[in-house]
Amino acid sequence: MTKGITRARIVTAALELLDEKGIDAVTVRALATALGVKPPALYYHVRDKQELLDEMSTEIYRRVATGLAAMTPHAHWRDDLAGFARLLRAEFLLHRDGARTFSGTRITDPGVPRAQEPWLARWAAAGHSLPAIMDALDLVSAFVVGFVIEEQEQRQGGPERYSLPQRDEWLGDDAPLVRQSGHARDHGDPRFERHLGILLDGIAGDS
């Protein structure tokens, strides 16, 4: 084991590499170069890129769990879920390709899912079944991942890629409602909050 190389240092460097160059550039070899060591020095801590992504994701979700623990419990599950969604989106947006990078990874620290226990206990005590609670969490998580993937891809694509005047010209004059639909869409926080509200309304309707 190379002196000074720890898992925490590897994860920090990997997140920095992600922010600088994006997910496709995050490899064990590139990370070893950034840390000034040979790739075998890292294999003691992470066996491959997937394990590296798992560790990076665990750090992100650890921060989400810390944020949730600091939140004042709400009287209604809807407000708790909204708070979770906002925290998750904020952490994803801190990193280039954040949602795409951390989606589908495996948490390696049992302390992260264990942090959900007070929430699950509170919701269960309010009369909600555990399957219904998990469905709600999964739906909100999937919404945030999808929303942020699109959000980040559009930001990185640049304004010229999504130019409304160019879109209007491309569509022509015989689809006026389709043309107007492009101008009717907003972005960022307002769109996120509105879509989150629609999703939570749907969950509430089924509960």
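Me: Why is F192 called buried?
Reply: F192 has a relative accessible area of 1%. Buried means under 20%, exposed over 50% and partly exposed in between, using a 1.4 Å probe and protein chains only. F192 is therefore buried. The model is predicted, so local features need pLDDT of at least 70 and side-chain atom pairs pLDDT 80 or more, while totals for chains, interfaces and linings use all residues. Residues are numbered from 1 along each chain as its sequence is written, and side-chain values use heavy atoms, without hydrogens and water.

Me: What makes the pair of F147 and F192 edge-to-face?
Reply: The ring centres are 5.2 Å apart and the planes stand at 75°. Rings of Phe, Tyr and Trp (its six-membered ring) pair if their centres lie within 6.5 Å; planes under 30 degrees apart count as stacked, over 60 as edge-to-face and the rest as tilted. The pair of F147 and F192 is therefore edge-to-face. F147 lies in helix α9 and F192 in helix α12 (residues 188–206), so the pair ties together parts 45 residues apart in sequence. Helices are DSSP runs (H or I, at least four residues; strands are E, at least two), numbered from the N terminus.

Me: Why is the pair of F143 and F147 called tilted?
Reply: Their centres are 5.7 Å apart and their planes are at 50°, so the pair is tilted. F143 and F147 both lie in helix α9, 4 residues apart, about one turn of the helix. F147 has 11% relative accessibility and so counts as buried.

Me: What lies over the face of F192?
Reply: R89 does, at 4.6 Å from the ring centre. A charge sits over a ring if NZ of Lys or CZ of Arg is within 6 Å of the ring centre and within 35 degrees of the ring normal. R122 likewise lies over the face of W119, at 5.8 Å from the ring centre.

Me: Why is H95 called buried?
Reply: H95 has 6% relative accessibility, so H95 counts as buried. It is found in the loop between α5 (77–93) and α6 (98–102).

Me: What makes H95 and D19 a polar contact?
Reply: Their side chains come to 3.0 Å. A polar contact is a pair of N or O atoms within 3.5 Å; within protein, one must be able to donate a hydrogen and the other to accept it, and residues adjacent in sequence count only if both atoms are side-chain atoms.

Me: Why is T108 called partly exposed?
Reply: Its relative accessible area is 29%, so T108 is partly exposed. T108 is in the loop between α6 and α7 (111–114). The side chain of T108 makes a polar contact with the side chain of E55 at 3.3 Å. The C-alpha atoms of T108 and E55 are separated by 6.6 Å, although these residues are 53 residues apart along the chain.

Me: Which residues does T108 touch, not counting residues up to four places away in sequence?
Reply: T108 touches D54, E55 and T58. Contact means heavy atoms within 4.5 Å.
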